[in-house]
Amino acid sequence: MQMPVAVGPYGQQQPACFDRIKMGFMMGFAVGMAAGAMFGTFSCLRVGMRGRELMGGVGKTMMQSGGTFGTFMSIGMGIRC
């Protein structure tokens, strides 16, 4: 007869729904920032931006895509829990 596998000293506890939503937003924000960096760089360079203008344009695109994707990921995590 096998012994049951011991868990940690506090047991295994599922994260709360709000914690899952926060985690979903953070994951989505990170992925959106990476995608925004790639697409923003290419689009700003194509338009002809250089220097400080390029950095501002890429940063704006990163924040917009990160916020959008993070919002949708948090909604998805909220639906799951």
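Aspartate 19 and lysine 22 lie three residues apart in helix 1, so about one helical turn separates them. In this predicted model, the two residues form a salt bridge. Helix 1 also packs against helix 2, with an angle of about 150° between them, and helix 1 holds methionine 38, which contributes to a nonpolar surface patch.

**Salt bridge**
- Side chains of opposite charge can pair when their charged atoms come close.
- Between aspartate 19 and lysine 22, the closest N and O atoms are 3.6 Å apart, within the 4 Å cut-off for a salt bridge.
- The count of salt bridges by this rule is one.

**Packing of helix 1 and helix 2**
- Two packed helices are described by the angle between their axes and the distance between the axes.
- Helix 1 spans residues 17–47 and helix 2 spans residues 51–80; their axes are 5 Å apart and the packing angle is about 150°.
- Helix 1 is therefore roughly antiparallel to helix 2, because angles over 145 degrees fall in that class.
- The crossing of helix 1 past helix 2 is right-handed.
- The contact between helix 1 and helix 2 comprises 17 nonpolar residues, 15 polar residues and one charged residue.

**Nonpolar surface patch**

How values were computed. Residues are numbered from 1 along each chain as its sequence is written. This is a predicted model: local features need pLDDT of at least 70, side-chain atom pairs count only at pLDDT 80 or more; totals for chains, interfaces and linings use all residues. Side-chain values use heavy atoms; hydrogens and water are left out. Axes are lines fitted to C-alpha atoms, for helices over the stretch in contact, and angles run from 0 to 180 degrees between N-to-C directions. Helices (H or I, at least four residues) and strands (E, at least two) are DSSP runs, numbered from the N terminus. Angles under 35 degrees count as roughly parallel, over 145 as roughly antiparallel, 65 to 115 as roughly perpendicular and the rest as oblique. A crossing is left-handed if the near helix is turned anticlockwise from the far one by less than a right angle, and right-handed if clockwise. Ala, Val, Leu, Ile, Met, Phe, Trp, Tyr, Cys and Pro count as nonpolar, Asp, Glu, Lys and Arg as charged, and the others, Gly among them, as polar. Patches are made of residues with over 30% relative accessible area and no salt bridge: like charges are joined within 9 Å, nonpolar side chains (Val, Leu, Ile, Met, Phe, Trp, Tyr) within 5 Å. Accessible areas come from the Shrake-Rupley method with a 1.4 Å probe; for residues, only the protein chains shown count as cover. A salt bridge is a side-chain nitrogen of Lys or Arg within 4 Å of a carboxyl oxygen of Asp or Glu.
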